Every structure is written in structure tokens, then in C-alpha cells.
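Subject: Structure handover

Hi,

Here is the structure I promised to pass on. Please open it first, then read my notes below.

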Amino acid sequence: MLLSCIIGASATDGVVANNESTEYQESHFQINLADYDVYVDNGEMNLVAKKSLARSSKKAVSENAAKLQEIFAEFPDVKENLISEYQADDELCAVSFTEVPVVYVDGHYERVPVTRGSSTSDKSSSGKFLLYTSIHGGVQALNNQYRYVARTFGSWSNSILGGANYPAAGNDYVLQTAPNTFGRTSDSIAATYDHNPTGGVSGSDFWREDGNSQYVRYLIKDDPAGYRQLKSFTLESIYAGPQFMFTRQIGSYYVHTWNEMTLAVSVSASTDRAITLTLTPSIVSKSWQIYNFVEFAF
């Protein structure tokens with residue numbers, strides 16, 4: 001891997017993005033490709049911690065590789081995506097994962113509180129949602145700077161899809177941020193559904209709601225009762241930005257709803273390292289949100 005992709009090992013749980021994140025169960029970890037020897041063969045992807053790593057880092061790096069295999073088992077599309085990401089022309093440098101458990105309650109899926117009461121869940125309808133973010137590049141020239149490619153992915157676990165109990169409908173939101181020294185040159189989104197036609201259609205199943213120098217926002221249809229049960233999505237942005245050897249962040253946000261509503265967005269912080277958003281749905285009680293970020297230093 002190129003030296004520009006090297007950043008420190010990362011292994012954290014319970015990342016706090018907003019007040020909601022302190023109330024609900026979630027886990028977070030990051031894979032930095034420079035820490036691994038990567039083997040892709042016959043549709044499988046294995047990561048082995050490099051022998052040159054310091055002992056203090058090697059344990060965390062190996063644990064994250066094991067967590068990744070668990071993700072592959074529960075979200076088969078993630079393995080396919082990551083192999084494609086790794087084999088892309090723009091070098092994959094890092095990918096970060098935030099996984100949250102959800103339970104079926106009164107016709108919709110809710111996040112699981114840190115302290116869950118016995119009346120909260122229907123275990124037969126439990127599943128997970130995964131939000132993950134990748135960062136590529138920082139090598140090729142673009143607009144007299146360097147080209148970065150960031151992708152925000154979302155995926156529902158197979159245990160939720162295609163069930164007899166279809167959760168309540170509501171359009172969902174996907175947002176992405178980059179450091180304020182970055183300029184977004186393009187963005188797009190794609191989505192897959194659990195019923196035919198499985199490929200989402202721009203303008204019908206999803207569309208761009210807003211975008212400026214600080215964030216981009218897309219709305220995605222999620223209508224399980226109407227056989228448009230959202231399975232996964234990918235939001236891609238291409239940025240032109242400077243190279244720096246300090247840690248920066250690409251931020252990803254997902255807001256899941258089960259009622260018609262609007263979303264207010266405000267910028268909480270804007271620096272050359274990261275932009276942080278505050279998201280306020282018009283009906284907070286019928287929505288939840290997840291935040292994920294990937295760190296890089298190249």
C-alpha cells in the first residue's frame with residue numbers, strides 16, 4: 001500500500017455522534033488497509049495483520065479483521081462491495097463500520113436501548129443495520145489538488161429482509177460530509193430493494209434533496225408494505241482536496257423513518273479536519289439516526 005494511506009490502528013466501541021448515540025446500542029471499528037496483507041480469491045477476502053506491526057497495535061488490528069469476517073457472514077453484500085472497493089482503480093485506504101441492532105416493535109423497527117426493558121423487543125423479528133464509509137485516493141491530481149473518493153454504504157441484515165411482517169413505510173435520508181478544505185466535484189447514489197425491480201430508479205426511488213460545500217443529502221424511498229423494502233444503498237462523492245498528514249474525517253449519516261416527515265440540517269462544526277451536522281426530524285419519535293465516520297491522514 002502507498003505510504004499516503006498509512007494511519008494508526010483504530011478499535012473503538014460506542015462512538016458518540018449525537019445524543020441518540022448515547023442511548024442506543026452500537027459498535028464501531030475501522031479497517032486501515034495499510035495494516036494488513038490482503039488476500040482475495042474465489043470471492044473471499046481475508047486480511048492478516050502485517051508482521052511488521054508493533055505488538056501493541058497488532059492485537060487490535062487482528063481483532064478488527066475478525067470483526068470484519070463476522071460482518072461478511074451477516075451482510076453478504078458487504079463482502080462483495082469491499083472486494084470491489086479493494087480492486088478499484090483508486091486505492092482503498094480505509095473503511096469504517098457502525099453496526100446497530102434493531103427490533104420489531106408495533107409495526108416498525110426501532111434501535112435497541114443500552115438498557116433494554118422486557119417489553120421492548122420481539123426477538124423473532126430482530127436484526128441489524130450497518131452503516132459504513134470508505135475513503136480512496138489522495139494521489140491523482142484533480143483541479144490542481146488531489147482526488148479523493150468517499151462512499152457511504154448502508155445495509156439491512158438478511159434476517160430483516162423478506163419477512164412476513166413488513167415494517168411501516170417512510171422515506172429515509174442519507175448524508176455525507178468532508179473536511180471544509182475539500183470541494184465536492186460530483187455525487188451520486190444507488191439503492192437496491194428486496195423485491196423486483198431490485199435496482200432503484202433515480203427520481204422515483206431516490207433523489208438528491210440538498211447539497212452544498214459542507215454536505216450532500218439524498219432521500220431514499222423505503223416502502224416495505226408497497227414492496228419497496230430498502231435493502232442497501234451507496235452514496236458516492238468525488239472530492240478535490242489538499243494532502244495533509246494529520247487525521248481528517250469523512251462523515252456519514254443515515255436517518256430511518258416510519259412516517260412522512262421533513263429533516264432539518266444544521267452545521268454544528270466546520271473545520272479542515274471534519275464537518276459535524278445536527279439532524280432534527282420533524283417527528284423525532286418516529287425516526288432514528290446513525291452516524292459513522294472514517295479517519296484518514298493522507
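Predicted model: local features only at pLDDT ≥ 70, side-chain atom pairs only at ≥ 80, totals over all residues.

Thr234 sits in strand E13, which covers residues 230-241. Leaving out neighbours within four places in sequence, Thr234 is in contact with Arg151, Thr152, Phe153, Ser188, Ile189 and Ala190. Take Ala190 from that list. Ala190 and Thr234 are 44 residues apart along the chain, yet their C-alpha atoms are separated by 5.3 Å.

Now the whole chain. There are 17 strands and two helices. Of the 298 residues, 50% are buried. Among contacts with a separation of 6 or more, 75% are between residues 24 or more positions apart. The accessible surface is about 12900 Å². Carbon and sulfur atoms account for 47% of that surface.

Next, the salt bridges. The count is nine.

- Lys79 and Glu44: the closest N and O atoms are 3.1 Å apart. Lys79 is in helix H2 (residues 76-86) and Glu44 is in strand E4 (residues 44-49), so this pair ties together parts 35 residues apart in sequence. Glu44 counts as partly exposed, because its relative accessibility is 38%.
- Arg147 and Asp90: these side chains meet at 2.3 Å, N to O. Arg147 belongs to strand E8 (residues 145-156), while Asp90 is in the loop between H2 and strand E5 (92-105), so the pair ties together parts 57 residues apart in sequence. Asp90 counts as buried, because its relative accessibility is 14%.
- Arg208 and Asp187: the closest N and O atoms are 2.8 Å apart. The pair links distant parts of the chain, with Arg208 in strand E11 (residues 206-211) and Asp187 in strand E10 (residues 183-193), 21 residues apart. Arg208 is partly exposed, because its relative accessible area is 41%.
- The network: salt bridges with shared partners join Glu74, Glu99 and Lys128.

Then the empty space inside. Rolling a probe the size of a water molecule over the atoms shows where such space is left. The structure has two cavities of 30 Å³ or more. Which residues line the second largest cavity? The lining consists of Thr177, Ala178, Pro179, Phe182, Gly183, Arg184, Ser213, Gln214 and Tyr239. By class, that lining has four nonpolar residues, four polar and one charged.

Last, the backbone. Most residues other than glycine have a negative phi. Two asparagines are listed here for a positive phi.

- Asn42 has a phi of about 50°. Asn42 lies in the loop between strand E3 (36-41) and E4. Asn42 is exposed, because its relative accessible area is 71%.
- Asn144 has a phi of about 65°. Asn144 is placed in the loop between strand E7 (127-142) and E8. Asn144 is exposed, because its relative accessible area is 84%.

Those are my notes.

Best wishes

Key. Residues numbered from 1 in each chain as written. Heavy atoms only, no water. Helix = DSSP H or I, 4+ residues; strand = E, 2+ residues; numbered from the N terminus. Buried < 20%, exposed > 50% of the residue type's maximum accessible area, 1.4 Å probe, protein only. Contact = heavy atoms within 4.5 Å. Areas by Shrake-Rupley, 256 points an atom, 1.4 Å probe, with all protein chains shown as cover. 1 Å grid on protein atoms, 1.4 Å probe; cavity = no way out; pocket = protein on both sides within 12 Å on 5 of 7 lines; lining within 4 Å. Points joined across faces, edges and corners; volume = space filled by probe spheres on them. Nonpolar A, V, L, I, M, F, W, Y, C, P; charged D, E, K, R; others polar. Salt bridge = Lys/Arg side-chain N within 4 Å of Asp/Glu carboxyl O.
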